[in-house]
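Subject: Structure handover

Hello,

Here is the structure I said I would pass on. My notes on it follow below.

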Amino acid sequence: MKREELNLKIKELKDFGFTGNSIEFKGLLITCFTQNKKGIPEYVVYGEDDESEDGIFSSFNSEEVVEFVFNYNS
């Protein structure tokens with residue numbers, strides 16, 4: 001998958017609670033939350049064995065998430 005394709009898929013993510021709305025890419029799980037006051041989507045990246053609520057990376061900018069995922073070395 002190219003960067004542009006992944007960016008579009010990330011932008012399509014919506015916060016549906018715990019319904020499994022996510023993307024798996026390079027062993028990482030990318031999800032979306034809109035629980036901030038302005039309703040702006042926050043994208044969170046989780047590692048394979050990451051059980052934290054915060055994940056290993058988060059951003060309000062989908063392009064930053066794409067860069068992180070493409071540069072991530074597990």
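Two strands pair if DSSP finds at least two bridges between them. Helices (H or I, at least four residues) and strands (E, at least two) are DSSP runs, numbered from the N terminus. This is a predicted model, in which local features need pLDDT of at least 70 and side-chain atom pairs count only at pLDDT 80 or more, while totals for chains, interfaces and linings use all residues. Residues are numbered from 1 along each chain as its sequence is written, and side-chain values use heavy atoms, with hydrogens and water left out.

The sheet

The model has an open sheet of 4 strands in the order β1-β2-β3-β4, with antiparallel pairing. Its edge strands are β1 (22-25) and β4, each of which pairs on one side only. On average, and ignoring direction, neighbouring strands of this sheet are turned by 20 degrees against each other. Axes here are lines fitted to C-alpha atoms, for helices over the stretch in contact, and angles run from 0 to 180 degrees between N-to-C directions.

Strand β2 (residues 28-33) is joined to β3 by 5 bridges, and the two run antiparallel. L29 has Y46 in β3 as its bridge partner. On to strand β4 (residues 57-59), β3 has 3 bridges, again antiparallel. There V44 is partnered by S58, and Y43 by S59. Strand β3 (residues 42-46) is mostly covered, with 4 of its 5 residues buried; buried means under 20% relative accessible area, exposed over 50%, and partly exposed in between (1.4 Å probe, protein chains only).

The helix on the sheet and the core

What does helix α1 touch in the sheet? Helix α1 (residues 3-12) packs on the sheet and touches β1, β2 and β3, its direction making about 155 degrees with that of β1. Contact means heavy atoms within 4.5 Å. N7 is placed in helix α1 and counts as buried because its relative accessibility is 11%. Leaving aside residues up to four places away in sequence, N7 touches S62, E63 and V66.

The largest nonpolar core has 13 residues, of which L6, I10, I23, I30, V45, V65 and V69 touch the most other members. At least two residues of this core come from each of α1, β1, β2, β3 and α2 (62-71). A nonpolar core is a set of buried Ala, Val, Leu, Ile, Met, Phe, Trp, Tyr and Cys residues joined through side-chain atoms within 4.5 Å.

Aromatic pairs

The whole structure holds 3 aromatic pairs. Rings of Phe, Tyr and Trp (its six-membered ring) pair if their centres lie within 6.5 Å; planes under 30 degrees apart count as stacked, over 60 as edge-to-face and the rest as tilted.

The F25 and F70 rings have centres 5.4 Å apart and planes at 50 degrees, so this pair is tilted. F25 lies in strand β1 and F70 in helix α2, so the pair ties together parts that are 45 residues apart in sequence. F25 counts as buried at 13% relative accessibility, whereas F70 at 22% counts as partly exposed.

F57 and F68 have ring centres 4.5 Å apart and planes at 5 degrees, so this pair is stacked. With F57 in strand β4 and F68 in helix α2, the pair ties together parts that are 11 residues apart in sequence. F57 is partly exposed at 22% relative accessible area, and F68 is partly exposed at 22%. F57, F68 and Y72 form one aromatic cluster.

Regards
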